[in-house]
Amino acid sequence: MGAFEEAYRFYKVDLSRVEAVGAGLLTTLMTELGSAEPLLEAFRTVESFASWNGLCPDNRITGGRMLKAKTRAAEGRVAQGFRLAAHKLARVVSGMINSGRPYDEEKAFRPTPSSQARRLKRLREQAAALGMQLLPAAS
């Protein structure tokens, strides 16, 4: 049995449909993390999975104040670009395993209601800092 078939048996979803996922990554996932059940127990959210993989910045914030903003050492923008791509890939793979659904390019990075709300809040704060106010567009 090949790595793709074994991964499907492990995770009940075809991870090979994601272009960047190869036999090497799938073999590593299966040997290091096991099947879907222990993976879901260990990482309840896609964010925790990405963080565990060292793909998120380590920002220390208390009382709304940034104490420490640290990222892993990187040499140039290319390395940072690969880290961002790896974070997105980790989120896609973890989301597929969590939902048990196949990869769908259109749905993969669709904004969630909570991310839209955070974005709107940030825009309002930026407008207020500039002495402006956001108004909804007339439809």
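**Group meeting: a walk through a predicted chain**

The protein chain has an accessible surface of about 10500 Å², and 54% of that belongs to carbon and sulfur atoms. Areas here come from the Shrake-Rupley method with a 1.4 Å probe, and for residues only the protein chains shown count as cover. This is a predicted model, in which local features need pLDDT of at least 70 and side-chain atom pairs count only at pLDDT 80 or more, while totals for chains, interfaces and linings use all residues. Residues are numbered from 1 along each chain as its sequence is written, and side-chain values use heavy atoms, with hydrogens and water left out.

First, the overall layout. The chain holds 7 helices and 2 strands, in the order α-α-α-α-β-β-α-α-α along the sequence. Helices (H or I, at least four residues) and strands (E, at least two) are DSSP runs, numbered from the N terminus. Of the 139 residues, 22% are buried. Buried means under 20% relative accessible area, exposed means over 50%, and partly exposed is in between, with a 1.4 Å probe and protein chains only. Take contacts (heavy atoms within 4.5 Å) between residues at least 6 apart in sequence: 47% of them join residues at least 24 apart.

Now helix α1, residues 3–11. Its buried residues are A3, E6, A7, F10 and Y11.

How many salt bridges does the structure hold? There is 1, and it joins the side chains of E6 and R9, at 2.3 Å from N to O. The term means a side-chain nitrogen of Lys or Arg within 4 Å of a carboxyl oxygen of Asp or Glu. Side chains of opposite charge can pair when their charged atoms come close. E6 and R9 are 3 residues apart in helix α1, so about one helical turn separates them. R9 is partly exposed, at 46% relative accessibility.

K12 follows α1 and lies in the loop between α1 and α2. Phi of K12 is near 60 degrees, a positive value in a residue other than glycine. Most residues other than glycine have a negative phi. Is K12 buried or exposed? K12 is exposed, with a relative accessible area of 53%.

On to helix α2, residues 23–33, which contains T28. T28 is partly exposed, at 41% relative accessibility.

In helix α5, residues 77–99, we find S94. S94 is buried, at a relative accessible area of 5%. Leaving out residues up to four places away in sequence, S94 touches T45, V46 and F49.

Last, helix α7, residues 113–129, where L120 lies. At 1.5 Å a residue, the 17 residues of α7 should span 24 Å, and the end C-alpha atoms are 24 Å apart, which agrees. The expected span is 1.5 Å times one less than the number of residues. L120 is partly exposed, at 36% relative accessible area. Together with L123 and L134, L120 makes a nonpolar surface patch of about 230 Å². Patches are made of residues with over 30% relative accessible area and no salt bridge, with like charges joined within 9 Å and nonpolar side chains (Val, Leu, Ile, Met, Phe, Trp, Tyr) within 5 Å. Just after α7, G131 has a positive phi of about 75 degrees.
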